[in-house]
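Here is a quick walk through a structure that may be new to you. Have a look at it first, and then we'll go through a few of its parts.

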Amino acid sequence: MLALTRGIMPTGLAALAGLQAVPLPGSPAAAAPTFDLHLPWQLLGALGPDLLLVVGAIGLMVWAAWRPESAGHQRRVGELSLWLVVATAAAVLAYAARHLTAEPGVIAVDAFRWAADLIFLVATFATIALSMDYNAREGITSGESHVLVLFATSGMMLLAAARDLMLVFLGIELMSIAVYVLAGLNRRSARSAEAALKYFLLGAFSTGFLLYGIALLYGATGSTTLTEIGDRIHQYGLGAAPLITVGLALLLVGFAFKVAAAPFHMWAPDVYEGAPTPITGYMAAAVKAAAFAAFIRIWVEAFPEVVYHWHNAIWFLAVLTMFVGNIVALVQRNIKRLLAYSSIAQAGYVLVAVVSGTTLGASAFLFYLAAYTLATMGAFAVVVALGDRGETNLDIDEYAGLWTTQPWLALAMSVCMLALLGFPVFGGLGFLAKWYMIQAALQAQYLGQPTPQVMLAVMIVLTSVISAGYYLRLVTIMFMRPRHPDRTTAALAVRPGALTESVVVVSVVLLLALGLVPAYLVNWSARSVPAITQRPVYVLPSAGSGTP
Amino acid sequence: MSLFYQFVFYVFGLVAVVSACIFVTRKSPVAAALWLVNVMFSLSALYILLDAQFIGAIQVLVYAGAIMVVFLFVIMLLNLGQPGQLVDTRGVLPWLGSGGVAIVVLAAVLVRLPRIEAVDALQLPPETLEVATRAAGAVAPVATPLFTTYLLAFEVTSVLLLVAVVGAVVLGRRRGEMMGGGGHGRGELVGADEVLVHGR
């Protein structure tokens, strides 16, 4: 105990020593498009879109609390929130277009960050739009619900940018705390309260793992910055240090909890089922994407040299997640639980991108995430459209004969299901995303040497075939099974709100259109890889020539 | 390391461990919370022994002070009933299981930890902490990195706290949603106060 504490305390002071190297303000570097993150003003500049979102959200928060609660006020706050999301997305695009860069520091300024931000913002826009209709129907009048979504999104944007384990932790907490509250937003539903409490307790538990892992990694390397950790592992040959091994394992457990990878997925179905439907979509799409963005950056930037520690662990996690998610989804009757298990299975596919450990993996990750986000938000939008006050019509038998009552919604749901399945042409982007992922698995590299993961590619195809069992079953229920005579069709014939309809239309059209013309998205994701600081040599531990 | 130092270390270490054991075995939540205060105080004494007076003082203020007061408030508000009425619903097996895992992990750490060799290049020269403390006091070595190196993390923490407060208000507000919503049946969650009324 004493020895450990003494080991850590002095290294904490290393920051003091490093301070002397900070250049003075007003140095010529200020004019260059490269941010010097040691200077507070340049750090602020590098965080432009994030700041816009946070400051706007704080303003909206004050305004939401200013007026008494009413359905109209909730809607107005929601409208302004949508505009704020659009403005933030415009800022992200402006930053991305200028090809800004930064010296290695606490945050990254690279194309990967902007691409991930755009995916989060699209999901956020859809969530707020769905929430406005959903809140009106469920009698939720608090305008703060939209503000909390905005705050959660700012945590996600921090996660996409963070190059420091402390910022990763804070980003995860900022995102999670807002989402815990959002899960319990529907105060009239005991299930919603149960979901919030379960999510909170298990989330706090997994945060403990994450924090412990970060502390051990700091103890081993004396730094929380990803690039410095990577440099020191390389420089001092820390690959075999037990603190690194244990720290990595704990970090992996923490992230596996957040992305709901098997065997750490137990919380997901209950929480997804109990939370308000738009928030469930937000959790399945954006929260998962943000955790993955930080996950992939940490692994690729800080620990490429200790790949032998984590490669097998993530490999098994990916395979287990694909099988557990897809097989358990086969027996689900509730549409939200079905989509929850589907999203667990999809996390397994995304883990393949992490296993591949290449820049191709990172671009396949972005491509997959874009397709997955659109399909998930589209599917949840249909669920919102078909629901009624008090979260009804969630049993998949309720979808029988939907083709006859609401043909367009049935078609939209089918496209989303086929996209999640990875069906060619009719599934739009989904097929290409899976194809891209298989390619990433086959071109995996470790320490500069190609090591194709054929087994992993086979597993992707095999589990996709299993997943047809539930994705296609829903499609057949909607189109081929007649409506049960006991059930009225009136509930399903209600016209959904305009915003819900537009979310459905936009996500389905984007899925199909980008599926027909994928070149643009392929280029976009291929360019958007993390700007990793290249280290001089990568050597296998057995070679032992490059380590000092 | 002087004999006095060792003596004080073992006294406070023993107090901390014994208090922690009593803390987890008490049935009355208030008694348990007070034993936890004891643990916090002993830990703060250990920090001071490590020349970290500032952390020691913060430990007393934040943990023994603020957090324990909140604990006690929550215990009183929840109104759990008499200690004698409380039943431990956990079986023996999970108790032994979790305890066994904890003991194995602890043993592994105790066996492994002394063998870990820190990289010399990552260590600051000896006495760096003492020199820094003598030059600028015990607070400056904590404050300087906090407001320079970790400035962004510090600022993000303030946003995080803001979100936590907003979230607590949104969830804890008394009846907000029910104003125009009409009647509500039994078993529905409305507000903290009404749940309490049903509970009694």
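In what order do the elements of chain B run from the N terminus on? They go α-α-α-α-α-α-α-α, which makes eight helices and zero strands. Here helices (H or I, at least four residues) and strands (E, at least two) are DSSP runs, numbered from the N terminus.

Before going on, some ground rules. This is a predicted model, where local features need pLDDT of at least 70, side-chain atom pairs count only at pLDDT 80 or more, and totals for chains, interfaces and linings use all residues. Residues are numbered from 1 along each chain as its sequence is written, while chains are lettered from A and ligands numbered from 1 in the order in which they are written.

**Chain B in brief**

Of the 200 residues in chain B, 10% count as buried. A residue is buried if 20 or more other C-beta atoms lie within 10 Å of its own, exposed if 12 or fewer, and partly exposed in between, with C-beta atoms placed from the backbone. Take contacts in chain B between residues at least 6 apart in sequence: 44% of them join residues at least 24 apart. A contact means that the C-beta atoms of two residues, placed from the backbone, lie within 7 Å.

B:Gly172 sits in helix H7 of chain B and counts as exposed, with 11 C-beta neighbours inside 10 Å. Its C-alpha atom is separated by 42 Å from that of B:Leu49, 123 residues apart along the chain.

The expected span below is 1.5 Å times one less than the number of residues in the helix.

| Helix | Residues | Length | Reach, first to last C-alpha | Expected span |
|---|---|---|---|---|
| H4(A) | 48-66 | 19 residues | 27 Å | 27 Å |
| H18(A) | 407-421 | 15 residues | 21 Å | 21 Å |

H18(A) is largely enclosed by the rest of the structure, because 12 of its 15 residues are buried. Among them are A:Leu409, A:Met413, A:Cys416 and A:Leu421. The buried residues of H18(A) pack against helices H15, H16, H17, H19, H20 and H21 of chain A.

The buried residues of H4(A) include A:Pro49, A:Asp50, A:Leu53 and A:Ala64. Their cover includes H5, H6 and H7 of chain A, together with H7 of chain B. A:Leu51 is also placed in H4 of chain A, but with 15 C-beta neighbours inside 10 Å it counts as partly exposed. A:Leu51 and A:Thr405 are 354 residues apart in sequence and 46 Å apart in space, C-alpha to C-alpha.

**Where the chains meet**

H8(A) (residues 165-183) and H7(B) (residues 151-172) pack at an angle of about 10°, with their axes 9 Å apart. They are therefore roughly parallel to each other, a label for angles under 35 degrees. Residues of H8(A) including A:Leu170, A:Glu173 and A:Ile177 take part in this contact, and those of H7(B) include B:Val156, B:Leu160 and B:Gly167.

**How confident is the model?**

pLDDT is the predictor's confidence in each residue, from 0 to 100. Chain A averages 82, and 88% of the residues score at least 70. Over residues 1-32 of chain A the pLDDT is below 50, and this stretch has 39 contacts beyond near neighbours in sequence. Residues 536-548 of chain A also stay under 50, with 13 contacts beyond four places in sequence.

Definitions and conventions:
Axes fitted to C-alpha atoms, helices over the stretch in contact; angles between N-to-C directions. Parallel < 35°, antiparallel > 145°, perpendicular 65-115°, else oblique.
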